[in-house]
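Please look over the sequence and the model below before reading on. The text then goes through the chain part by part.

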Amino acid sequence: MEDLSSYSQYLELIALIIGIIKYKEFKDFYFKYVFYFLIYVVANEFLAGISYEVLNIPNTFLYNIYILIHFSFFLAWFHSLIVSTVKAQILKFFFLVYIVFWFGEALTIGSITDNYLSITFSLGTLLLIIAVAFYFIEMLTREVVLNITQSPYFWVSFGILTYCVTYLPFYITLMFFLQENPVILSVVLFLINCIQYCCIAIAFIKSDRYQMEHPIAKKS
């Protein structure tokens, strides 16, 4: 059975194309950094594909770097959106802990070109769930709750939360109790990636510069 998860790159590409079309709507808002991150994701996926399928070079290193960038980026991004000083400080602490933990596992696992940083991935997923929860709590206490599904930030947060909450317990169960099953892992990963990138695509579609939150302050 062909690896379904490899088709995720096409979902990412479709979301990116929609983002390019809608870019002018969010270019002055913090939401644009999700678009920049998606450019990296698409480039990394195609580079990993070329590395493995064309050059026959293991792409584990690229995915380990992706684990670092993915969770670090979203922890920093949610930190920039959070209004509460206490929650913002907690996310800053999470960010630093995650960076230290990534390098710690990378140095002790043997070789990051051969072994996936699975423990760091699990930690990042857990921290990101908390970050999304913080942001949702703030959304629900503001007037934006009346039009919450119109917010691009809601859709990105919902997609990330769905991915993390679905994948983390499944991944841990598979790793410790059922052992790794490539077919099951591929199918589940593809399905939750579908949800995540559909949510990001919806976020781009929903973007409207006249209704967007979190503008980037321009220097005078």
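**A buried residue after the last helix**

His-214 counts as buried, at 15% relative accessibility; buried means under 20% relative accessible area, exposed over 50%, and partly exposed in between, with a 1.4 Å probe and protein chains only. His-214 is found in the segment after H7. Its phi is near 60 degrees, a positive value in a residue other than glycine. Most residues other than glycine have a negative phi.

This is a predicted model, in which local features need pLDDT of at least 70, side-chain atom pairs count only at pLDDT 80 or more, and totals for chains, interfaces and linings use all residues. Residues are numbered from 1 along each chain as its sequence is written, and side-chain values use heavy atoms, with hydrogens and water left out.

**The chain as a whole**

The protein chain has seven helices and zero strands. Helices (H or I, at least four residues) and strands (E, at least two) are DSSP runs, numbered from the N terminus. Read from the N terminus on, the order of elements is α-α-α-α-α-α-α. Of the 220 residues in the protein chain, buried residues make up 47%. Contact means heavy atoms within 4.5 Å. Among contacts in the protein chain with a separation of 6 or more, 74% are between residues 24 or more positions apart. The accessible surface of the protein chain comes to about 11,800 Å², and 69% of this belongs to carbon and sulfur atoms; accessible areas come from the Shrake-Rupley method with a 1.4 Å probe, and for residues only the protein chains shown count as cover.

**The nonpolar core**

Which residues have the most contacts inside the largest nonpolar core? They are Phe-31, Phe-74, Trp-77, Phe-78, Tyr-98 and Leu-128, in a core of 62 residues. The elements that give two or more residues to this core are helix H1 (8-26), helix H2 (32-54), helix H3 (60-81), helix H4 (85-108), helix H5 (118-140), helix H6 (152-178) and helix H7 (182-206). H5 gives the most to this core, with eleven residues. A nonpolar core is a set of buried Ala, Val, Leu, Ile, Met, Phe, Trp, Tyr and Cys residues joined through side-chain atoms within 4.5 Å.

Phe-121 has its place in helix H5 and counts as buried at 11% relative accessibility. Not counting residues up to four places away in sequence, Phe-121 touches Ile-67, Phe-71, Tyr-163 and Tyr-167. The C-alpha atoms of Phe-121 and Leu-168 are separated by 8.9 Å, although these residues are 47 residues apart along the chain.

The 24 residues of H4 should span 34 Å at 1.5 Å a residue, which agrees with the 35 Å between its end C-alpha atoms; the expected span is 1.5 Å times one less than the number of residues. The buried residues of H4 are Ala-88, Leu-91, Phe-94, Tyr-98, Trp-102, Glu-105 and Ala-106. An α-helix has 3.6 residues a turn, so residues three or four places apart point the same way. What covers the buried residues of H4 includes H3 and H5.

Tyr-98 gives the detail: leaving aside neighbours within four places in sequence, Tyr-98 is in contact with Ile-67, Leu-68, Phe-71, Ser-72, Leu-75, Thr-120, Leu-123, Gly-124 and Leu-127. Just after H4, Gly-110 takes a positive phi of about 115 degrees.

Thr-60 is in helix H3 and is buried, with a relative accessible area of 9%. Leaving aside neighbours within four places in sequence, Thr-60 is in contact with Ile-112, Thr-113, Asp-114, Asn-115 and Tyr-116.

**The salt bridge and the surface**

A search of the whole structure finds one salt bridge, defined as a side-chain nitrogen of Lys or Arg within 4 Å of a carboxyl oxygen of Asp or Glu. Glu-25 pairs with Arg-209 in a salt bridge, and the closest N and O atoms are 3.0 Å apart. Glu-25 lies in helix H1 and Arg-209 in the segment after H7, so the pair ties together parts that are 184 residues apart in sequence. Glu-25 counts as buried at 14% relative accessibility, whereas Arg-209 is partly exposed, with a relative accessible area of 35%.

On the surface, Tyr-7, Tyr-10, Leu-13, Ile-17, Ile-21 and Phe-46 form a nonpolar patch with about 550 Å² of accessible area together. Patches are made of residues with over 30% relative accessible area and no salt bridge, with like charges joined within 9 Å and nonpolar side chains (Val, Leu, Ile, Met, Phe, Trp, Tyr) within 5 Å. H1 gives the most to the nonpolar patch, with four residues. Tyr-7 is found in the segment before H1 and counts as partly exposed at 35% relative accessibility.
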